Structures are given as C-alpha cells and as structure tokens.
Amino acid sequence: MFLATEGGKTKVPTHLSYDEWDCTALFQATIFARSFALPDSSGHHKTLYDLYAKPHKLPHGNFHASVVSPGGDNAETFAMAIDQLRLLRNAFCHSPSSKIDKPTFDQYIQHTKDAIKALGVTSGPVDTAGSLTEADFPIERVRQLEDDIRKELQAETAFLKEDVKDELIGVRSDIAQSNQERQEDVNRAARETKEEIHELKKQMELHQEEWKEETLESRRTADKKHRDDNCS
C-alpha cells in the first residue's frame, strides 16, 4: 500500500521493520512521503515538507523559531516538529567540529524538547540529557580513546602494507621461477630441435653417400656391358 502510494519506489527501507529504521528513514516516511500528502490552496497534493516547512526558506544552519502551528493546524505542527528534528540531526551530523559550546548545546536541547512536546512524546530523556554538565563528558578520556583508535588504525594499516608487500614479493618470486622454468623449457626444446636437425642431416648425408655408390655402380655396370658388346 505504502509503495503503491509512493509511486512504486521510495528511500524508505520497507524491507525492514520500522523498529530498525534510522531517523533519515523516518523523515522519508513522514514529511517527505506522498502517503501523507495534503492538498494546497490550489487543490494540488503536496508532501508535508513542501506544504509547511519548505515555504519558510530557512538559511542553512538555522532552525524554526516555533514548531506550533499559529492557526492550530495539527498537520502543520506535526510537519514542523519533525522538520525541526531533521534540522537538528543535520546540525549534529554535518558539524565541522566534534566540540559544542554550552549555549549551542542548550539551544539544541530546547529545540529538541519543543519538537518532542509538539509531537506529544515525553521529553524525559531529553531533560536528562539537558541536565548533564561538562563533567559528564570526560574529554580527556574521549581524546585517549580517539588516540588509541588512531594508533590501532595506523598499526592495522602498517600490517596491511607489510602483508601486501610480502604478497607482492611472493608474486614476484613466483613470476621469476615461472620465467626460469619457461626459459629452461625453451632451452630444452632448442637443444632437442638441434639434435633432431643434426640427426636428420646425418641421415641425409648417409643416404646421399648410398645414392652416390649406387650411381657409380650402375655406371660401372653399364660401361662393362658396353665394352662387352663392342668386343662381340
């Protein structure tokens, strides 16, 4: 049913249970899905994103000032809240730095709480995250883990390079041995051919000598007969 409404194809992983979907799949299945499209003022059906969020034309990196529909439209509130979560997700995932200052952190927490509340979901876990302090994020430990991971990756890379090097040396050795065996085969074939030619030459010389002797014998016989005929 969903695929049919979406025109036969979708970015939503419909082969998986929705419990296994990531946030991107949830966005595609809601505000970007044709299944929830609504008619605009002209009667043309548009996705919730195109109908409610896109017209705001937010600059890159900005968030919606409010996710609650000013006219009390539940569909608009639903769309704006989900789009706010999408913007927050993009801000986290596409941030050029792994660090975040306290004012920005507090702003993200507030935007998240507003969006969650607008969707009618409890904000308890978000409140818990918002109450965390810098002490709850052991930066030195994180850096140590990052350094350990970096060293492990370097060691693995070095191992792979050495493994590839050994493999190449082995391949070169196999090629050299193969070339040597091929050269030996060529030399052996050349010797055998030379011996066959030499043997053939000897046989030809022998046949030639035999032919000469037969020819001389025939001439002697013919001469003797000629003399005998003259005497008679």
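**Close-up 1. Phe63 and Tyr108 are both buried.** Here "buried" means under 20% relative accessible area, with exposed over 50% and partly exposed in between (1.4 Å probe, protein chains only). Keep in mind that this is a predicted model: local features need pLDDT of at least 70, side-chain atom pairs count only at pLDDT 80 or more, and totals for chains, interfaces and linings use all residues. Residues are numbered from 1 along each chain as its sequence is written, and side-chain values use heavy atoms, with hydrogens and water left out.

**Close-up 2. Three aromatic pairs turn up in a search of the whole structure.** Rings of Phe, Tyr and Trp (its six-membered ring) pair if their centres lie within 6.5 Å; planes under 30 degrees apart count as stacked, over 60 as edge-to-face and the rest as tilted. Let us start with Phe32 and Tyr49: their ring centres are 4.8 Å apart and their planes stand at 35°, so this pair is tilted. Phe32 sits in the loop between α2 (23-29) and β1 (38-39), while Tyr49 belongs to helix α3 (residues 48-53), so the pair ties together parts that are 17 residues apart in sequence. Helices (H or I, at least four residues) and strands (E, at least two) are DSSP runs, numbered from the N terminus. Phe32 counts as partly exposed, at 27% relative accessibility.

**Close-up 3. Phe63 and Tyr108 form an edge-to-face pair.** Their ring centres lie 5.6 Å apart with the planes at 70°, so the pair is edge-to-face. Phe63 lies in the loop between α3 and α4 (74-93) and Tyr108 in helix α5 (residues 102-118), so parts that are 45 residues apart in sequence are tied together. Together with Phe92, these residues form one aromatic cluster.

Close-up 4. Asp83 is buried at 2% relative accessibility, and Arg86 is buried at 16%.

**Close-up 5. Lys113 and Asp127 join in another salt bridge.** Their closest N and O atoms are 3.2 Å apart. Lys113 lies in helix α5 and Asp127 in helix α6 (residues 124-130), so the pair ties together parts that are 14 residues apart in sequence. Lys113 is partly exposed, with 26% relative accessible area, and Asp127 is partly exposed, with 33%.

Definitions and conventions: Salt bridge = Lys/Arg side-chain N within 4 Å of Asp/Glu carboxyl O.
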